[in-house]
Amino acid sequence: MWQSLLIAAVSASGAIAGIVTGAVLNQRQTNHHDDITWKRERKRERERWAREDADRTFEHRRDAYVDYYGALRDMTFLVYNFGMGLSEKPDDDSDSLPSDFQLHTYRKLQHLRLYATPAVVLAADDAYNAAWQWGNRARYGQDEEEFYEDQFGFDQAEEALRCAIRSDLSVPDGPEPSSDAIIDPNGRMLSLIDPVAALDDQ
């Protein structure tokens, strides 16, 4: 009798132990699966954040390029009109541009530096320096050889900047813009503004 009870007790204990062991193993397997799923979701989430950050940075960089390029063109349009005597003569009878004629463009250049690649920063600096030299040496209504030499120097630097920007933004190569100046009703030069519009549409 007692042997039967002992056998029954041992069998019950074995069954309970099997159930407990199975439950523990199943829980471990579930936890392991949950860990893998959580890590996979975290990885996907980090990749999504990285893509969103990259997209936002690209937009900021593109906007900084367009803003700077537009300010640079406005600055050189001012220089050109001043040197050609097409703008109003300064009230103080000075034959030079105001000392802060480049200030707006300089501020845009500092903003560009926050987002631009090293190649674009270098090209932007060169274009700014060429424009500043052109404007600093320009004299009202005195379009002499030095004036055109400085203009040519700026045109070269501007072309290098335009190519650097297009390369950085992966803008496909297309036909070269006309070098002839086109003036819109608001007095802005449009010949090399068109590439900016193209960049802005990307």
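**Reading a predicted helical chain**

Biologist: Asp150 is located in helix 4. How do you know what counts as a helix?

Modeller: Helices are DSSP runs of H or I with at least four residues, strands are runs of E with at least two, and both are numbered from the N terminus. The model is predicted, so local features need pLDDT of at least 70 and side-chain atom pairs pLDDT 80 or more, while totals for chains, interfaces and linings use all residues. Residues are numbered from 1 along each chain as its sequence is written, and side-chain values use heavy atoms, leaving out hydrogens and water. The protein chain has five helices and zero strands, in the order α-α-α-α-α from the N terminus.

Biologist: Why is Asp150 called buried?

Modeller: Buried means under 20% relative accessible area, exposed means over 50%, and partly exposed lies in between (1.4 Å probe, protein chains only). Asp150 has 5%, so it is buried. Leaving aside residues up to four places away in sequence, Asp150 touches Gln133, Trp134 and Arg137, where contact means heavy atoms within 4.5 Å.

Biologist: What makes Asp63 buried, partly exposed or exposed?

Modeller: Asp63, in helix 1, has a relative accessible area of 32%, so it is partly exposed. Its C-alpha lies 10.0 Å from that of His111, 48 residues apart in sequence.

Biologist: How do you know whether Tyr65 is buried or exposed?

Modeller: Tyr65 is another residue of helix 1, and its relative accessible area is 0%, so Tyr65 is buried. Not counting residues up to four places away in sequence, Tyr65 touches Leu112, Ala116, Thr117, Val120, Ile165, Asp168 and Leu169. For the whole chain, buried residues make up 30% of the 202 residues.

Biologist: Why is the pair of Phe82 and Tyr140 called edge-to-face?

Modeller: Rings of Phe, Tyr and Trp (its six-membered ring) pair if their centres lie within 6.5 Å; planes under 30 degrees apart are stacked, over 60 edge-to-face, and the rest tilted. Phe82 and Tyr140 have ring centres 5.2 Å apart and planes at 70 degrees, so the pair is edge-to-face. Phe82 belongs to helix 1 (residues 2–84) and Tyr140 to the loop between helix 3 (118–137) and helix 4 (145–168), 58 residues apart, and the pair links distant parts of the chain. Both Phe82 and Tyr140 are buried. The structure holds six aromatic pairs, and one aromatic cluster is formed by Tyr80, Trp134, Phe147, Tyr148 and Phe154.

Biologist: How are helix 2 and helix 3 oriented to each other, and what makes them so?

Modeller: Axes are lines fitted to C-alpha atoms, for helices over the stretch in contact, with angles from 0 to 180 degrees between N-to-C directions. Angles under 35 degrees are roughly parallel, over 145 roughly antiparallel, 65 to 115 roughly perpendicular, and the rest oblique. The axes of helix 2 (residues 103–115) and helix 3 come within 10 Å and cross at roughly 170 degrees. The two helices are therefore roughly antiparallel. In this contact, Thr105, Tyr106, Leu109, Leu112 and Arg113 of helix 2 meet Val121, Ala124, Asp125 and Tyr128 of helix 3.

Biologist: Why does Ser170 count as exposed?

Modeller: Ser170 is at 59% relative accessibility, so Ser170 counts as exposed. It is in the loop between helix 4 and helix 5 (194–200). Ser170 also has a positive phi of about 55 degrees, although it is not a glycine. Most residues other than glycine have a negative phi.
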